[in-house]
Amino acid sequence: MNSVYKYLMAVYNSNMSDLLTDLQFDEFRKLIYDTSGITFSETNRSILDSRLKERLREKKIDDVQQYYKIITTDLEEFKKFLDSITTNLTRFFRNQPHFDALINYVIPHVIQEKKKVGETKIRIWSAGCSTGEEPYTIAMLLQDKLPAPYTYEIKASDISLKSILVGQQGFYPLPRITGIPKEYLDKYFTQTEEGYQVKPELMNNVHFDYHNLRNESGVKNYDIVFCRNVLIYFDEAAQKATIDRFYRSMSDHSYLFIGHSESLFGMDTKFKFLKTDWACLYEKNEL
């Protein structure tokens, strides 16, 4: 029995052998880190290895070094490569306490500040939006709860082109709409034979765009930023740089939501920790 087990393990290990040499692994992870902030270590090396195998099969290439040269000269292929190594796990109304805090605390306070300067538009950024469930959740809540004359616009960005395309299309198969309250599903979606289509009244307020968080957003004065479960893929230096870029892109009195397993504790940042009755978040207050 032991000899059979050893044979099976040998076959398994040979099939799972690393595509990359140590030197190549260092080259790829440095390129990924320098351009996106995403960190690959020995513990998640197998993920990079398996995703690279997929891209090589797709491109019909069997030389890793040749593919490295391609992604360093072909921007579109490099975007596809980054797309392939990112994880896009999301769902509608994920972490409900955040949305409770948004409606019951953040929006009333943002409106107070808007009144002082005579503005009526609330600007929101869903950074790392994946396939769009988060920004559409925010849109449903604001569409339902935001009092007149206030309006909103949501920028939804991600490094995954495939995910952005799903969000732009606004169509979700039946298993993907789990978690949406029935009244919102009836009000903001059109049912088809294959699933549910987001209605134009929401889609018109959510603008999807490719964005690498390694770079400045190019837009200022966001009142609210959601960036949840993204920082966990960055090391401390990349986290700090990303948080600082968020700070510069936000209005003087604004709010930041990060993932429930993420924290700015110990980071040298100007954001202030804020504990509400519903959830914890961060505040920028330069007023």
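How many helices and strands does the protein have? It has eleven helices and ten strands, where helices are DSSP runs of H or I with at least four residues, strands are E runs of at least two, and both are numbered from the N terminus. Before we go on, keep in mind that this is a predicted model, in which local features need pLDDT of at least 70 and side-chain atom pairs count only at pLDDT 80 or more, while totals for chains, interfaces and linings use all residues. Residues are numbered from 1 along each chain as its sequence is written, and side-chain values use heavy atoms, with hydrogens and water left out.

Let's start with the whole protein. Its C-alpha atoms fill a box of roughly 70 × 50 × 45 Å, taken along the principal axes. Of the 287 residues, 48% count as buried, meaning under 20% relative accessible area, with over 50% called exposed and anything in between partly exposed (1.4 Å probe, protein chains only). The protein exposes about 15100 Å², and carbon and sulfur atoms supply 52% of that; such areas come from the Shrake-Rupley method with a 1.4 Å probe. Now look at contacts, which are heavy atoms within 4.5 Å. Among those between residues at least 6 apart in sequence, 75% join residues at least 24 apart.

Next, find helix α2 (residues 22-36) and helix α4 (residues 64-71). Their axes come within 11 Å and cross at roughly 20 degrees; an axis here is a line fitted to C-alpha atoms, for helices over the stretch in contact, and angles run from 0 to 180 degrees between N-to-C directions. On the α2 side you'll see Q24, E27, F28 and L31, which meet V64, Q65, Y67, Y68 and I71 of α4. Sorted by class, this contact has six nonpolar, two polar and one charged residues. In that scheme, Ala, Val, Leu, Ile, Met, Phe, Trp, Tyr, Cys and Pro are nonpolar, Asp, Glu, Lys and Arg are charged, and the others, Gly among them, are polar.

Helix α2 also packs against α5, at an angle of about 100 degrees and with the axes 12 Å apart. The two are therefore roughly perpendicular to each other. F28, L31, I32, T35 and S36 of α2 touch F78, F81, L82 and I85 of α5 here, giving seven nonpolar, two polar and no charged residues.

What does α5 do with α3? Helix α3 (residues 45-59) and helix α5 (residues 75-85) pack at about 140 degrees, their axes 9 Å apart. That makes α3 oblique to α5.

Finally, a few spots in the loops. F93, in the loop between α5 and α6 (96-117), has a phi near 55 degrees, a positive value in a residue other than glycine. F93 is buried, with a relative accessible area of 9%. S130 sits in the loop between β1 (121-127) and α7, and its phi is near 55 degrees too. S130 is buried, at 4% relative accessible area. Last stop: the peptide bond from A148 to P149 is cis, with omega near 10 degrees, and P149 lies in the loop between α7 (133-145) and β2 (151-158).

Methods. Angles under 35 degrees count as roughly parallel, over 145 as roughly antiparallel, 65 to 115 as roughly perpendicular and the rest as oblique.
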